[in-house]
Amino acid sequence: LALYFHIGEREEKCIIEDLPSDTLVVGNYKVQRWDIRTHDFLESAPGLGMFVTVTTPSGEVLLSKLYGPQGTFSFTSYLSGEHIICFQSNSTRFAVIAGSKLRIHLDIRVGEHFLDESAIQAKDKVNEVNVRLEHLIEQIHHVTKEQDYEREREEKFRKTSEETNSNILWWAVVQTLILISIGIWQIKSLRDFFISKKLV
Amino acid sequence: VAVPGAVRVAMLGAVRVAMRTLCLAALLGALGAGGTELTLELPDSAQRCFHQELESGIKFTLDYQVISGGHYDVDCYVEDPNGKTIYQETKKQYDSFSHHSELKGVYTFCFSNEFSTFSHKIVYFDFQVGDEPPILPDMNNRVTALTQMESACVTIHEMLNAVIDSQTHYRLREAQDRSRAEELNGRVSYWSVGETLILFVVSIGQVMLLKSFFTEKRPSSGGAGT
């Protein structure tokens with residue numbers, strides 16, 4: 001499979017995926033447990049499973065399921081934003097045994113629509129080209145969706161910058177006014193004070 | 001992407017359809033060349049390592065960029081199966097590292113935020129494995145010229161690759177700039193309020209202090225002189 005990384009038995013590790021809305025995300029993973037006797041990772045450990053939790057940008061949980069030691073999970077985003085995908089094993093053992101850790105192989109694909117290869121092996125070659133072209137057009141639609149999402153984010157960015165700009169201007173004006181009025185108040189207050197103390 | 005007119009014309013020829021199917025299959029297959037891209041959060045004083053098993057003689061590329069957090073920098077190092085460090089950089093904001101693997105085995109790359117005590121970083125990395133195969137199997141050693149359809153496929157493929165690179169680049173840049181802008185906005189608001197409060201406290205305090213110099217417990221209301 002693809003890349004792998006290590007986590008502790010009860011640790012939770014998360015990755016962030018910034019997705020436009022209506023995007024399908026498919027993840028493949030495989031988890032192996034370290035065996036102290038053979039000093040290697042077991043091919044499969046009985047009863048070992050993985051909690052996969054997906055949180056939407058608004059904080060609600062989109063997917064929270066327990067999968068086996070190897071599996072595929074998928075979800076479709078309905079909001080656009082940063083989705084957080086978390087992995088935690090269902091192991092009840094604590095890391096009392098020294099060096100106990102889990103290896104997770106992970107492969108995540110965003111927005112790819114998979115061709116059903118067996119359906120493609122039709123006798124009719126023209127249809128095959130047709131199907132592939134349709135698949136290609138779908139992929140291009142995903143590109144467009146990503147670009148629209150990028151537009152949204154850039155707009156938010158521009159709003160933040162403009163807000164900062166007007167914040168700075170407003171506060172500068174307010175602080176100058178406060179400075180002037182406090183200065184006047186100070187002088188007045190001291191003058192009245194000294195007059196009352198018959199010093200002036 | 002407009003479907004070239006040549007496609008419709010060529011679809012009538014049953015003999016060359018098989019060749020074209022191969023071309024399109026290669027176009028679509030090559031769009032997802034082997035690799036993983038992930039965005040992860042690095043808490044302060046933490047290190048995250050990833051491993052990949054590779055054959056020898058494979059070219060791999062690691063691109064990474066810090067999207068938000070602190071000074072937008074991270075330490076990164078890459079080790080070959082023997083534990084030798086083939087790449088090491090400290091406090092880099094973004095970088096791209098390519099290497100041909102000499103040994104077969106597990107290559108490790110790690111991102112470290114150990115130099116930072118309170119800012120957690122969000123790091124994006126893209127680990128691409130292997131050279132992309134040419135889209136047509138024998139494109140480079142052809143005797144005849146490419147057909148219109150095939151050259152259209154090649155062009156589309158190159159343009160789509162450029163689109164992927166461009167999109168990724170702009171997406172990361174925008175995320176980083178937006179993160180900086182939000183941080184700036186927060187800082188401006190926070191410090192403005194703080195400054196105003198300090199202004200009030202200091203000026204009222206000055207007057208009070210001055211008044212207190214001149215109010216002494218004396219029977220006569222002469223007041224102290226200079």
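How many residues of domain 1 of chain A are in contact with domain 2 of chain A, and how many residues of domain 2 take part? I found 11 residues of domain 1 in contact with seven residues of domain 2, where contact means heavy atoms within 4.5 Å.

I noted that this is a predicted model, in which local features need pLDDT of at least 70 and side-chain atom pairs count only at pLDDT 80 or more, while totals for chains, interfaces and linings use all residues. Residues are numbered from 1 along each chain as its sequence is written, chains are lettered from A in the order in which they are written, and side-chain values use heavy atoms, with hydrogens and water left out.

I then looked up the bounds: domain 1 covers 2-111 and domain 2 covers 138-165 of chain A, as given by an automatic or database domain assignment. Their centres, taken over C-alpha atoms, are 29 Å apart.

For the interface I read a buried area of about 610 Å², with 46% of it on carbon and sulfur atoms; this is the accessible area (1.4 Å probe) that two parts lose on being put together, summed over both. On the side of domain 1, Asp18(A), Pro20(A) and Gly111(A) lose the most area to domain 2, together 58% of what that side buries.

Lastly I checked for charged pairs, and the rule finds one salt bridge across the interface, that is, a side-chain nitrogen of Lys or Arg within 4 Å of a carboxyl oxygen of Asp or Glu. I also noted that the side chains of Asp18(A) and Arg153(A) meet in a salt bridge, at 2.6 Å from N to O.
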